[in-house]
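Morning, everyone. I have one model to walk through today. Please bring it up on the screen.

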Amino acid sequence: MYQILVADAINAEGLQPLLEYKDAVIIEKKVTDPEVELEKIDALLVRSATKVTEELFEKMPQLKIVARAGVGVDNIDVNAATKRGVIVVNAPDGNTISTAEHTFAMMAALMRNIPQAHQSVKNLEWKRNEFVGNELYGKTLGILGMGRIGTELAKRSKAFGMNVQVFDPFLTNERASKLGVQNSSLDEVLEHADIITVHTPLTAETKGLINEKALSKTKKGVYFLNCARGGIIDEDALATFIGNGHVAGAALDVFEVEPPGEYPLFKFDNVIVTPHLGASTREAQLNVATQVAKEVRMFFEDKPVSNSINLPAMSKDIFERIRPFHYLAKQIGSTLSQCINEGIQEISITFSGSVTDLETTYLTKALLSGFFKNRIDIYVNEVNALLTAKERGITVGEKISTNSFGYANCISVTAKSETRQFTIRGTFIDHYGPRIVYLNDFNIDFYPEGNLLYIQHMDRPGVIGRVGKILGDHSINIATMQVGRKQVGGEAIMILSFDKPIDDIAVNKLNELDDIVSMNHILL
Ligand SMILES: NC(=O)C1=CN([C@@H]2O[C@H](COP(=O)(O)OP(=O)(O)OC[C@H]3O[C@@H](n4cnc5c(N)ncnc54)[C@H](O)[C@@H]3O)[C@@H](O)[C@H]2O)C=CC1
Ligand SMILES: O=C(O)C(=O)COP(=O)(O)O
């Protein structure tokens, strides 16, 4: 009998597929409840409140699946789950509409001072002049993160006559124009928007996306909304800019620490708040609970799950054969994604040599999952990779070729954006491991793992030395270095690997060097 622990408040009706499952028993208790025998639990169902940490995994050796009844999995240590072979699933689209609607409601309430006016009337006051607001009509809404929620919010805001300007590094102009929004840089949104709202996942990259520097680029009188995750807007910086009158107000549904307790931003009348209610509608809760309950049941019935975040649905035997290429494909996808920081329209993958005996479609999906890692919050895996590409308007092509460029096997990928194309090739060499052997027209040979720096530079005497000196001056040890060039004195590339992450100061210094054309920090 499987023991399923429902640790957060999950809609009971939605849990029906599990309640009806004769091989399962449902326990509705917190993970901290001393009555729960954590060591016997097979499945854990959570929302955002329960933190699923490495420490918790250690106490749950029987755990096979964690299901997040919602989108954001920042409360789950997915890497720790993967290491332990625990599958993680979420419900990516069940609460999209509710969260977009909540964001819109917060925006309208903020612009018309509704919460403040409501409280004032209830205090038996009648201060009509004090609560004069602003129309949404004609205002520019800046959306940072144009995924599912950002897109739904854009549609609603356009219906209210707003101009919508968006920043999402992975959005193509074609898709933006289909959605009727202006595809812009982060700085353009910061400079022009009257209201700015964030809808990215919380990742290392988006933490503090709106910090003091970003705030100082905004118009005086700008409004901010955060119905995504606490921390995407730096709370201290926001407090400073509200305090000095630059930011006219903010509406927040989420906080760096929840519940936030004594909170510096609460002292401002022009900050309105809700207790993480974005997904709290009957409809969304029924949707997400039903989605995860079905997923968990499918998993226990040995059927493939569709919103699995971290593990492939495949027999152990086949997986063992494909594993080295699976890893190579993922690393190629992730390298590609970090080398080309713009919206991609097309990804074409060509397999050649011994790898063609394997299930190449599965490798295509693995490659895409590597490509989407760090870009979107649904932790794209082999199960949902193609669908995700389709949703993002990326055409994916796969073919088999007899040309393996002299290697026993080769995976060659070309990505096309609106302005350029980029090709990367990798191979797996027995007893040696995965290698990237071709990058953007250059032959090269490096191990795709760890902290890397990809530098495009001019092949001139002393460049390598100057790069080495700057890194040395910052006490950064170069573990390996590979160079490639097409002709003497022409364009060249360098791939450096490091034992530990390199700091921004060193990267900025390197960027100042004359002969450096471009630089990408790649974390694999
Ligand atoms: N307040 C609430 O109750 C809820 C909050 N959320 C939060 O909203 C977030 C977004 O949800 P969805 O739209 O469903 O996710 P999504 O994955 O569809 O969209 C996220 C978008 O952010 C973009 N992005 C990633 N990094 C970026 C960056 N550095 N700058 C700009 N854009 C970037 C991605 O390209 C993607 O298009 C979730 O990750 C979750 O944390 C989700 C549901 C309810
Ligand atoms: O789905 C999400 O990412 C949410 O933020 C919703 O969180 P909740 O399930 O309401 O705790």
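Lys 64 is partly exposed, because its relative accessibility is 28%. By that scale, buried is under 20% relative accessible area, exposed is over 50%, and partly exposed is in between, with a 1.4 Å probe and protein chains only.

Some housekeeping. This is a predicted model: local features need pLDDT of at least 70, side-chain atom pairs count only at pLDDT 80 or more, and totals for chains, interfaces and linings use all residues. Residues are numbered from 1 along each chain as its sequence is written, and side-chain values use heavy atoms, with hydrogens and water left out.

Back to Lys 64. Its side chain meets that of Asp 42 in a salt bridge, 2.6 Å from N to O. Asp 42 lies in the loop between β2 (24-28) and β3 (43-46), and Lys 64 in the loop between α2 (54-59) and β4 (65-68), so the pair ties together parts 22 residues apart in sequence. Asp 42 counts as buried, at 7%. A salt bridge here is a side-chain nitrogen of Lys or Arg within 4 Å of a carboxyl oxygen of Asp or Glu. Helices (H or I, at least four residues) and strands (E, at least two) are DSSP runs, numbered from the N terminus.

How many salt bridges does the structure hold? There are 20. Another one joins Lys 416 to Glu 346, with the closest N and O atoms 3.8 Å apart. That pair links distant parts of the chain: Lys 416 sits in strand β15 (409-417) and Glu 346 in strand β13 (344-353), 70 residues apart. Lys 416 is partly exposed at 31%, and Glu 346 is partly exposed at 29%.

Now one within a helix. Lys 469 bridges to Asp 473, closest N and O atoms 2.9 Å apart. They are 4 residues apart in helix α15 (463-473), about one helical turn. Glu 152, Lys 155 and Arg 156 are linked in a salt-bridge network.

Last, the surface. Ile 464, Met 481 and Val 483 form a nonpolar patch, with about 220 Å² of accessible area together. Patch residues have over 30% relative accessible area and no salt bridge; like charges are joined within 9 Å, nonpolar side chains (Val, Leu, Ile, Met, Phe, Trp, Tyr) within 5 Å. Areas come from the Shrake-Rupley method with a 1.4 Å probe; for residues, only the protein chains shown count as cover. Val 483 sits in strand β20 (478-485). Val 483 is partly exposed, at 46%.

Key:
Chains are lettered from A and ligands numbered from 1 in the order in which they are written.
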